[in-house]
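Subject: Structure for you to look at

Hello,

Please find the structure below. My notes come after it.

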Amino acid sequence: MTKHPEEQLSAYLDDELTPDERREIEAHLETCASCQALLEDLAGNNDDLVQTFSLIEAPFDLEARVMQSIGAEEKRQFACNGRIVALLLGLLTLGLFYLLTGAIIGKLIHGWSKLVVTLIYASSHFILSVPALTGGTIVLSLFILVASFVSLKRLLRTSAS
Amino acid sequence: MVDEELKHIIHRAKRGDREAFADLVQRFKGHVYRYAVGMLGDRMDAEDVSQEAFIKAYYSLSSLDNEYAFSSWLLRIAGNLCKDRLKKRMNAPIQEMSEEQNGRIADQHAADPLEKLSMEEGLSRLSVGHREVLLLHEIQGYNYEEIAEMIDVPLGTVKSRLFAARINLRKELRRED
Ligand SMILES: [Zn+2]
């Protein structure tokens with residue numbers, strides 16, 4: 001212990017000393033004016049501190065604000081959960097719709113492609129069975145071929161220059 | 001402070017009774033708010049932290065297994081939020097601080113050195129650790145053993161820290177240089 005048992009003084013103030021320590025401090029206080037003064041100072045500051053804080057009042061509406069934001073948070077979570085449920089329901093509906101209509105559309109596309117193939121097959125047969133139409137078709141094909149060749153050449157030249 | 005009635009209210013709040021929880025806020029808001037004012041030195045911040053502390057308490061109430069420890073548990077939540085905020089304030093650039101904080105800093109620099117500091121100003125100049133023990137002991141009324149458990153330090157540390165806090169506060173309040 002130092003000459004002045006100051007730390008013990010603080011604990012003495014708080015009534016946190018053993019009976020022996022307490023007697024020791026009280027004996028020292030009787031003979032030491034500087035420790036007496038310090039003790040008085042510390043006790044005085046404690047009183048001031050308590051006095052200062054006793055005047056501080058919590059906002060009157062704090063509980064209302066707390067409960068409101070707890071309520072809002074729960075509502076938000078509820079809404080969030082609701083949104084997820086809505087999304088799942090939407091996807092489910094879409095899926096069902098797809099399953100039901102998908103079969104019909106698939107059948108439609110399948111039927112159509114069969115029709116187109118048959119039409120092409122029939123038209124080629126028709127062209128080949130009439131000689132005049134066959135010659136005409138060959139001439140037309142050659143003409144289209146030459147025209148595309150010329151236009152391609154011109155295109156290449158213009159892009160090169 | 002902890003009576004059977006309070007224990008019953010805490011029990012109800014734990015089971016999700018909002019009315020019971022509102023009752024707890026009303027009973028303990030003074031403790032939490034005063035502690036936050038002392039730690040933060042700013043009323044607006046203290047209001048925010050108090051609100052935050054109760055909301056946090058509401059959602060973690062199920063983890064409280066001893067109803068008798070409710071107030072120290074609540075203050076520990078508030079204390080941690082205060083420390084987080086003080087840390088953030090240290091890192092925040094000056095222009096992000098509130099008007100009030102800026103004003104107070106300006107005041108501190110311009111203060112008449114002969115003018116005595118107010119208790120709140122004196123307190124705000126102590127370290128966080130010193131403020132903490134002083135507030136828990138003087139304002140909240142916990143003894144050394146309870147404080148040691150709350151802030152997780154040995155009993156001897158509470159004793160020496162409290163003494164150091166008092167000496168520093170005295171120095172700040174009677175500063176003459
Ligand atoms: Zn002495």
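Here is what was found, chain by chain.

This is a predicted model, in which local features need pLDDT of at least 70, side-chain atom pairs count only at pLDDT 80 or more, and totals for chains, interfaces and linings use all residues. Residues are numbered from 1 along each chain as written, chains are lettered from A and ligands numbered from 1 in written order, and side-chain values use heavy atoms, without hydrogens or water.

Chain A

Chain A has five helices and zero strands. Helices are DSSP runs of H or I with at least four residues, and strands are runs of E with at least two, numbered from the N terminus. The order along the sequence is α-α-α-α-α. The radius of gyration of chain A is 50 Å, well over the 15 Å that the globule rule gives for 161 residues, so chain A is more spread out than a compact globule. That radius is taken over C-alpha atoms, and the rule is 2.2 Å times the number of residues to the power 0.38. Along the principal axes, the C-alpha atoms of chain A fill a box of roughly 140 × 55 × 35 Å.

Buried residues (under 20% relative accessible area, 1.4 Å probe, protein chains only) make up 19% of the 161 residues in chain A.

Chain B

The domain assignment, automatic or from a database, gives chain B domain 1 (4-90) and domain 2 (107-173). Their C-alpha centres lie 21 Å apart. The contact (heavy atoms within 4.5 Å) takes 13 residues from domain 1 of chain B and 12 residues from domain 2 of chain B.

Best wishes

Technical notes
Buried means under 20% relative accessible area, exposed over 50%, partly exposed in between (1.4 Å probe, protein chains only).
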